Amino acid sequence: MRFIGSKTLLLENIKNVIDENVKYAEVFCDIFSGTSVVANFFKKNYKIISNDLLYFSYVVQKATIENNKTPIFANIPKITNPVNYLNNLTNVDLEKLPMKKRFFQNNYSPIGKRMYLTEDNALRIDFARNKVEDWYKKGYIVDSEYYYLIATIIEGIPFVSNISGTYGAYNKKWDKRAFKKFELKTLPVVDNKMKNKSYNVDGVKLLKRINGDILYIDPPYNERQYLPNYHLLETAAKYDNPIIKGITGQRDYSENEKSVFCNKVRAIISFEEMMKNAKFRHIIFSYSTEGLMNISDIEYIMKKYGIIKTYKLYKIPYRRFKSREQKNKKELNELLFYIEKDV
Ligand SMILES: C[S@@+](CC[C@H](N)C(=O)[O-])C[C@H]1O[C@@H](n2cnc3c(N)ncnc32)[C@H](O)[C@@H]1O
């Protein structure tokens, strides 16, 4: 999934930091998990703890981190493969869904005067989302199956969304991507034979009550909050008929859902709190030279709570900029900080 700050291109670099500094570890925690690519990448090697403030991220984590195999869906009457079933519905089937159950079609398609999704695709999402709730309420699917199915819906939505990058706004003209048929996308599940655990809470607070060996911290690095940029996926995951506002149709969100890392002063205070409370021997911190906190703030805090001589900083040139664009710009790097903590 395309996601601001996704570390898909940095996985090998994170692995290199671990290979260079960590001799032995059992538990890896991805405390700001986002798409879960980092947690999934390391799942084959460690028991995983993952977490994010976004509920849709949590759903994907539950599906791919807590599950150790793809669910089998043995108890849905007359249906053996719910993903195929939902992907192969005809328009006649879909139109049976009552209008009042069509939150996506009524709000995010031209029927609701917005252009995030075509009417047909919005209805497909509504139908799938209602069915999953229905199966869950009737006891046809258990938790692991419920989260897996919602995750397959979430994963499918970006492929047909009429946006450029995030859900902060929709395109004024239809992108051809929007006319592809919406499909649920299955997700690969790695079996590490461990009891992995996912959370949907403030990572700063969570660190007070968990422990492990490797802690990977990848917070937002600028003022841009994640929820307004991914509101539609959050609503698909919660399917809670929220009040939405304005042209962009964003859902309201509470103080608890805002990240402290999108404010410089609060970011520094919270990062220090995390470093202080972390009961992990190896700490890897991802950041950017464009971030609100500067390198000296981060180094000072890490050394205050870690073993000073183990501190290291790895600078990785941004790959998203082509070399021509980068000319005349100040040097932009992704940063990986490492320190060992005596716990
Ligand atoms: C840079 S992204 C992480 C990207 C992730 N490593 C990936 O590869 O997809 C930062 C994430 O931190 C989450 N976040 C921000 N503040 C948080 C907090 N206080 N507790 C938990 N998650 C938080 C955001 O929702 C977002 O998903």
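At what angle do helix 11 (residues 264–277) and helix 12 (residues 295–305) pack, and how far apart are their axes? The first legend gives the answer. Please keep in mind that this is a predicted model, in which local features need pLDDT of at least 70 and side-chain atom pairs count only at pLDDT 80 or more, while totals for chains, interfaces and linings use all residues. Residues are numbered from 1 along each chain as its sequence is written.

**View 1. Helix 11 packs against helix 12.** The angle is about 25° and the axes are 9 Å apart; axes are lines fitted to C-alpha atoms, for helices over the stretch in contact, and angles run from 0 to 180 degrees between N-to-C directions. Helices (H or I, at least four residues) are DSSP runs, numbered from the N terminus. The angle makes helix 11 roughly parallel to helix 12 (angles under 35 degrees count as roughly parallel, over 145 as roughly antiparallel, 65 to 115 as roughly perpendicular and the rest as oblique). Ile268, Phe271, Glu272, Met275 and Lys276 of helix 11 meet Asp297, Ile301, Met302 and Tyr305 of helix 12 (two residues are in contact if their C-beta atoms, placed from the backbone, lie within 7 Å). By class, this contact has six nonpolar, no polar and three charged residues; Ala, Val, Leu, Ile, Met, Phe, Trp, Tyr, Cys and Pro count as nonpolar, Asp, Glu, Lys and Arg as charged, and the others, Gly among them, as polar.

**View 2. Helix 8 (residues 143–156) meets helix 10 (residues 231–238).** Here the axes come within 9 Å and cross at roughly 155°, which makes helix 8 roughly antiparallel to helix 10. The crossing is right-handed. Look for Ile150, Ile153 and Ile154 on helix 8, and for Leu233, Ala236 and Ala237 on helix 10. The contact residues divide into six nonpolar, no polar and no charged.

**View 3. Helix 3 (residues 55–66) packs with helix 8.** An angle of about 125°, with axes 8 Å apart, makes helix 3 oblique to helix 8. Helix 3 passes helix 8 in a left-handed crossing. From helix 3 come Phe56, Val59, Val60, Lys62 and Ala63, which meet Tyr147, Tyr148, Ile150, Ala151 and Ile154 of helix 8. Nine nonpolar, no polar and one charged residues make up this contact.

**View 4. Residues around the ligand.** Among the 25 residues around the ligand, Gly5, Phe32, Gly34, Gly203 and Ser259 come nearest (a residue is near a molecule if its C-beta atom, placed from the backbone, lies within 6 Å of it). Helix 2 (37–42) and helix 9 (203–206) each supply at least two residues of the shell. The shell divides into 12 nonpolar, nine polar and four charged residues.

Note on methods
Left-handed = near helix turned anticlockwise from the far one by under 90°.
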